[in-house]
Amino acid sequence: MMILIAMALLVSLGLWAFVRVAPHWGLVDQPNSRSLHTAPTIVSGGIAPMLVLAAALYTTMNFSGAEAVALITLGLTAIGLLDDRRGLPSGARFVCYLAAGLLLSWLLLPAGSASITVLAMAGVAVAWCINLVNFMDGADGLVSTQALCVAMGMGLIATFGTVPNAQLAWLSAMLFACWAPLLWFNWPPARLFMGDAGAIPLGFVLALMGLMALLTDLSVGLAWLILMMPFLVDTGFTLCIRVLAGEPPHIAHRDHAYQRLIVRTGSSLPITLGLLGMQVIWQFPLAVTAVNSTVFPPLLVLLSAIPSAGAVVYARLRA
């Protein structure tokens, strides 16, 4: 517990310092036609929690390849910081995501038990998780709230569920400790954005949690999937709709359900609170049921998608 408190305090100190020096480094996001904010806002705040989390991954985790995973996290943080500062082509960024995903899959999947096809599929899944978190990072507090809910849910399931996993529980606790201070600055109206320096490595860490959950037990993997469902549904539906409409899926846009709803309501706060309520009332009970019950698992996954799908449909019809 003392280690977690120390991590949270260190991140808080780092964020306090970052807010003061970031403008001198040009790390200020200016509003444009796609933005949901109207005032210049400091960006790349996610670097503080990610540096602390990567250091903790390197020094406290003892699964095979933990040091390499920490270094990959640092590398993705650097790529995100560079993208925030100067901008990188979307193709180059996705190649980096895919490389990170393939390396993570190779490090975590049992040697000799995974075929090339399985490794490739896992690598693409990790890359997609990185991308979807980056896609969803456009509203004050939204991604931070999602990350904390997933960390809390997976931590409790990995600790008290029928198939405990101490490493997964510790990773979840560290993520929560590192990300909670950022939410203080990122809560609507945000004084600080995590930027790609936070969203990209955060997506990677969430994917790491997903792989660790799946390797623990299928039910734990399904619990992670259920907790991630709001983001999976919004990005999945939006991507399919844009592709079917002949629009390039990799170009930045304001077509996600959460973006449409924010434009309609005029504030990020009700959308972020809605996500929090969905997680507490719907996603988490279903995730717990998936781990501790014999209920048909695909049914629980399907049920977990209903509120998010409803929000997407409502956003399309009304916003």
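Is Phe135 buried, partly exposed or exposed? Phe135 counts as partly exposed, at 26% relative accessibility (buried is under 20% relative accessible area, exposed over 50%, partly exposed in between, with a 1.4 Å probe and protein chains only). The model is predicted: local features need pLDDT of at least 70, side-chain atom pairs count only at pLDDT 80 or more, and totals for chains, interfaces and linings use all residues. Residues are numbered from 1 along each chain as its sequence is written, and side-chain values use heavy atoms, leaving out hydrogens and water.

**Aromatic pairs**

- The whole structure holds 3 aromatic pairs (rings of Phe, Tyr and Trp, the last by its six-membered ring, with centres within 6.5 Å; planes under 30 degrees apart are stacked, over 60 edge-to-face, the rest tilted).
- One of them joins Phe18 and Trp25, whose ring centres are 6.5 Å apart with planes at 70°, so this pair is edge-to-face.
- Phe18 is buried at 6% relative accessible area, whereas Trp25 is exposed at 51%.
- Trp128 and Phe135 also form an edge-to-face pair, with 6.2 Å centre to centre and 70° between the planes.
- Trp128 is partly exposed, at 25% relative accessibility.

**Helix H9**

- Just after H9, Gly246 has a positive phi of about 80°.

How values were computed: Helices (H or I, at least four residues) and strands (E, at least two) are DSSP runs, numbered from the N terminus.
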